[in-house]
Amino acid sequence: MGGEQTQSQSQASSIAEWLKEVGVEAEIRVDKYNVAWTEIPPEKVKEAIKLLKEKGYRHLITISGVDLPDEGVMELIYHLAPVKMDGYPRLSLKTKIPRDKPEIDTITDIFTIAIVYEREVYDLLGVKFIGHKGLSRILLPKDTPEGYHPLRKK
Amino acid sequence: MGLYIPIGPYHPALKEPITIRIKVEGEKIVDADIELGYNHRGIEKLLESKLWISVPFIAEHVCGICSGVHQLTSIMGIERIFDIEDKIPERAKMLRIVGLELERIHSHLLWLGVAAHEAGFDTIFMYSWRDREKVLDLLEIQGGRRVVYSIGKVGGVRRDVDDKFIRKAKETMGYIRKQTKEYMRIFEEDPIVQARFRNVSILPYNVAIDLGAVGPTARASGVDYDIRAEDKYFGYSEEIGMRVAVRKEGDALAKVLVRLDEILVSADIIENVLENLPSGPIEIKVPPLKTPSPGEAFARSEAPRGELAYYYRSDGKRTPYRVKIRTPTLANILSAGYMVKGGYIADVPVAFASIDPCIACMERYVIINDGKKVRKIRWSRLIHYANKWFKENLHWLKEERVY
Amino acid sequence: MLKKVKRWAFKRSLWVFHVNTGGCNGCDIEIVDALTPKYDLERFGIKLAPSPRHADVLLVVGPVTRKHAELLKRIYEQTPDPKFVVAVGTCATSGSTFEGAYNVIGGVDKVIPVDAYVVGCPPRPEAIIDAIVALVNKIGKGEVEKIEKA
């Protein structure tokens, strides 16, 4: 048990080192299910994801959005998985954006599949992904009224 | 690398709900767009008002074909939120694997029949669905029902199995193996089948990676990635027979062969697990799970169609704060759009079916824009058109498609 | 008029059109299963129609998502009279677990009139066949108003 702990700790520090390369000081927590969680500022997300992809986190599982009205923010979680990197944890990269102006740069130029996931977050939460070349609803009918984003908390 | 951007409506007056829009030059498709939303029920929001313990019973109705993996993946996430995952007994984990692999077999046989039907091979459809009934019989014994069998529960599995089940399962797996090898032979040798599947809707390796394809769709293009081998959840391992089925060609034929190969792997796993089923309880006795501590959990698994992911957020209440479900078909949707391009209109049924889409398959429309006119055709009519077109053009197509 | 009724009542083959309004596919596969040799719907003279214009019976599945509601109405209008609607599955009957979800209308009868309900999640192929056959028998016995009044 102790050996595994050290391994996941050393992997966590590798990830922390990489994030330092893009100017981010982040704390990485690896849970007992080998999923790593960390939070970085929104303006660093694109650079960080680009670097992580180069380092081997080449699979974007999905992008989750969570509305946190009590904190006045929306949280975006980029779920990444390593490919052929023995034992490295899946990584949930979190960031917080202001709720009254929920915007962030697109990552569709890094992960093409983000086209679909960003549209989903836009559709259900109203987050605007700057630079996305086709940001429109994907699940709700196209004639849904502007401003209706059902996953927002009242 | 070009971006496969969803293209807007070609005809502003067409307000009908449509699923696939294609732009053609003659019979060749030059652009494609796939629209979703038909089955969007609002489940993620609904789950925010349901008790944690109820979540798996709703999750299993997200998809009636792969209800088992939805239920068990949702359970995996909940067991992580409640921090009881390491207490799940071995027998329960192994029975979960049996249920999941039986599901994979029934789902792949179902798909085989549907894909064959879409290409006009109704005999294969009848045979594969007949074989599938035997697997449904096993699922009915294990779970209690033949569709939406509800095998799992938070903390273990709902029902145990006995020696009779184990004997019947072994017998069925022997039969399934024999049938599957026969299907493989048909797909590898029959020239008419080859004309519809070989070199059709090719997804190259680089594109599969770039577009984030998952499951057999990706593995047929050489992407060696299977969540059962990556995460080894519930106890999947090489020891129990887990092996990743991969092909290089990336065409529709490869996608068929990967799924058939996976049926063989599943049969191996089921036999190995039942041969060495650990004794013990099938569930842990836990106090009623009402409120977890605040936190979050992530769970993923290999559904028959590919990677399925659940994310949970808890704020310490009796209902989840947020549930996010990412189904494999969503991850494959851009690949489907890619694969349809460059082929003939008559290839659309097979090309689209080859990703094994978990979308209501009955009321699909295809909008075809040939530069001068835009026409809308119902899916069943498209299949009819495709089969007719192939009959008329098989003589030169055979040379183009078959080695 | 009487001739028309008799013709209909003694119709040897009933054309059925299958519509999914956003269901999970569970009911769909049991309906398709009803056509396979184990259950063999065709021996009752029941056939799958290629389009609503040829249908006598609409088999509707799913809780009816908003995107599907318009489409369902249109399909109903395209189906010639006399026509019957069978709501297959608990979702089609009431919306099932999805009742109350924001994108779900919650039951086929909220959009078009329904003649028969087959409850189940999903109902077994036997139950589906049973319902269609019962409907046909009722028509044959002259117990269905819209046929008698036609």
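Modeller: Ground rules before we start: residues are numbered from 1 along each chain as its sequence is written, and chains are lettered from A in the order in which they are written. This is a predicted model, where local features need pLDDT of at least 70 and side-chain atom pairs count only at pLDDT 80 or more, while totals for chains, interfaces and linings use all residues, and side-chain values use heavy atoms, with hydrogens and water left out.

Colleague: Let's start with rings. How many aromatic pairs are there over all chains?

Modeller: A search of the whole structure gives 13. Rings of Phe, Tyr and Trp (its six-membered ring) pair if their centres lie within 6.5 Å; planes under 30 degrees apart are stacked, over 60 edge-to-face, and the rest tilted.

Colleague: Why is the pair of Trp18(A) and Tyr57(A) called edge-to-face?

Modeller: The ring centres are 6.5 Å apart and the planes stand at 70°, so edge-to-face is the label. Trp18(A) sits in helix α1 (residues 2–21) of chain A and Tyr57(A) in the loop between α2 (45–55) and β3 (59–68), so the pair ties together parts 39 residues apart in sequence. Helices (H or I, at least four residues) and strands (E, at least two) are DSSP runs, numbered from the N terminus.

Colleague: Are those two residues buried or exposed?

Modeller: Buried means under 20% relative accessible area, exposed over 50%, and partly exposed in between (1.4 Å probe, protein chains only). Trp18(A) has 11%, so it counts as buried, and Tyr57(A), at 0%, is buried as well.

Colleague: And what makes the pair of Tyr344(B) and Trp389(B) tilted?

Modeller: Their planes are 40° apart, with 5.1 Å centre to centre. Tyr344(B) lies in the loop between α12 (328–340) and α13 (348–353) of chain B, and Trp389(B) in helix α14 (residues 379–401), 45 residues apart. At 10% relative accessibility Tyr344(B) is buried, and Trp389(B), also with 10%, is buried too.

Colleague: How do you know that Arg259(B) lies over the face of Trp111(B)?

Modeller: A charge sits over a ring if NZ of Lys or CZ of Arg is within 6 Å of the ring centre and within 35 degrees of the ring normal. For Arg259(B) the distance to the ring centre of Trp111(B) is 4.2 Å. Lys134(B) lies over the face of Tyr175(B) too, at 4.9 Å.

Colleague: Why is Asp83(B) called partly exposed?

Modeller: Its relative accessible area is 37%, so Asp83(B) is partly exposed. Asp83(B) has a positive phi of about 55° although it is not a glycine.
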